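Hi,

Here is the model we talked about, with the sequence alongside. Have a look at it first, and then read on for what turned up.

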Amino acid sequence: VQLLESGGGFVQAGGSLRLSCAASGSIFSINAMGWYRQAPGKQRELVALITSSSNINYTDSVKGRFTIFRDNAENTVYLQMNSLKPEDTAVYYCKIVYRMSRLYVREYDYWGQGTQVVVSS
């Protein structure tokens with residue numbers, strides 16, 4: 001399995017970025033796709049999660065500013081980030097929960113390598 005993340009970068013406060021994460025490889029189905037972030041000296045935290053039935057959760061600090069959506073045909077998840085704040089600065093990681101085969105119900109987690117987002121004040 002591979003996760004190809006893109007879209008990170010440098011932006012001024014109030015600006016926008018869109019992250020994308022494309023999954024490929026031995027994947028039968030993807031249940032959940034999510035974005036997490038880790039700021040320096042802090043623990044990794046969930047930013048947004050979307051399930052195969054389009055249930056969505058956001059951490060409180062990004063509600064109303066970030067939007068997660070997915071393209072099931074392309075096994076890709078996006079995170080549209082608007083009104084960015086300096087406190088959004090972090091490495092953003094994509095994670096999927098997937099099944100390898102229709103024969104087995106076991107699910108696996110897989111993480112991307114992360115993409116840096118820096119928001120300047």
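Tyr92 stands opposite Thr115 in strand 11. That contact belongs to the antiparallel pairing of strand 9 (90–99) with strand 11 (residues 115–120), which has 3 bridges. Strands here are DSSP runs of E with at least two residues, numbered from the N terminus, and two of them pair if DSSP finds at least two bridges between them.

Before going further, a word on the source: this is a predicted model, where local features need pLDDT of at least 70 and side-chain atom pairs count only at pLDDT 80 or more, while totals for chains, interfaces and linings use all residues. Residues are numbered from 1 along each chain as its sequence is written, and side-chain values use heavy atoms, with hydrogens and water left out.

Back to strand 9. Strand 9 also pairs with strand 4 (residues 29–38), antiparallel and over 9 bridges; there, Ser29 stands opposite Arg99. With strand 10 (residues 108–111) strand 9 makes 4 bridges, antiparallel again, and Ile96 stands opposite Tyr110. Strand 9 is largely enclosed by the rest of the structure, because 9 of its 10 residues are buried (buried is under 20% relative accessible area, exposed over 50%, partly exposed in between; 1.4 Å probe, protein chains only).

Now the rings. There are 4 aromatic pairs, counting rings of Phe, Tyr and Trp (its six-membered ring) with centres within 6.5 Å; planes under 30 degrees apart are stacked, over 60 edge-to-face, and the rest tilted. Tyr93 and Trp111 are edge-to-face, since their ring centres are 6.5 Å apart and their planes meet at 80 degrees. Tyr93 is in strand 9 and Trp111 in strand 10, so this pair ties together parts that are 18 residues apart in sequence. Tyr93 is buried at 14% relative accessibility, whereas Trp111, at 33%, is partly exposed. Together with Tyr36, Tyr93 and Trp111 form one aromatic cluster.

Last, the backbone: Ser83, in the loop between strand 8 (76–81) and strand 9, has a positive phi near 50 degrees without being a glycine.

Cheers
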